[in-house]
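Subject: Structure for you to look at

Hi,

Here is the structure I promised to pass on. Please open it first, then read my notes below.

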Amino acid sequence: MTTYAPLKTITLHLARTREHPDGSTRHGYQLTAPLGQDGRIDAEAWKHHRNGCIVHRFWGDEPRQRGVLVHRAGGAAGAHWSFDYDRSTDNDDEDGYRLADHVFAPGEYVSIRDADDELHTFRVVSVEPF
């Protein structure tokens, strides 16, 4: 029997920006993803858990968006992670910047390129068992 990396619930808050000098708890993501012991997203475990890899985007007063974590071909390492909110179009997708290389642990930082092609940096606030 194969053992896969467990799913974790990860909360990201917007890091310091010109508009938000102290960062923002009202702008961010909560996502469910399989993390290996090293704290990185485990692509093999994602294949097994993909239906449970959900993303919730919260952005100020905008309605929350619900999507899925997807692993796609392309990018610097041959594949990249994206948040897909509508499977029928790529116009709303948000791409993680080298998410496969980042450790998801409280205090670490990750960057995500939104659907408007703006890159935002987020602080990992929490990583909890799913």
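The notes below cover the ground rules, the strands and the salt bridges.

Ground rules first. This is a predicted model, in which local features need pLDDT of at least 70 and side-chain atom pairs count only at pLDDT 80 or more, while totals for chains, interfaces and linings use all residues. Residues are numbered from 1 along each chain as its sequence is written, and side-chain values use heavy atoms, with hydrogens and water left out.

**The barrel**

Start with the strands. A strand here is a DSSP run of E with at least two residues, numbered from the N terminus. Eight strands form a closed barrel, in the order β1-β2-β3-β4-β5-β6-β7-β8, and the pairing is antiparallel. Two strands count as paired if DSSP finds at least two bridges between them. From one strand to the next, the twist averages 35 degrees. For that angle, axes are lines fitted to C-alpha atoms, and angles run from 0 to 180 degrees between N-to-C directions.

Now look at one pair. β3 and β4 are antiparallel and pair over four bridges. V55 has G67 in β4 as its bridge partner.

**The salt bridges**

Side chains of opposite charge can pair when their charged atoms come close. A salt bridge here means a side-chain nitrogen of Lys or Arg within 4 Å of a carboxyl oxygen of Asp or Glu. How many salt bridges does the structure hold? There are nine.

Below, buried means under 20% relative accessible area, exposed means over 50%, and partly exposed is in between (1.4 Å probe, protein chains only).

- R26 and D61 meet in a salt bridge at 2.5 Å, N to O. The pair links distant parts of the chain, 35 residues apart: R26 sits in β2 (residues 24–34), and D61 in the loop between β3 (54–59) and β4 (65–73). R26 is partly exposed, because its relative accessible area is 44%. D61 has 73%, so D61 counts as exposed.
- R57 and E94 meet at 3.0 Å, N to O. This pair also links distant parts of the chain: R57 is in β3 and E94 in β6 (residues 94–97), 37 residues apart. Are R57 and E94 buried or exposed? Both are buried.
- D117 and R113 form a salt bridge at 3.8 Å, N to O. D117 is exposed, because its relative accessibility is 54%. R113 has 31%, so R113 is partly exposed.

One last point. R57, E62 and E94 belong to one network, joined by salt bridges that share partners.

Best wishes
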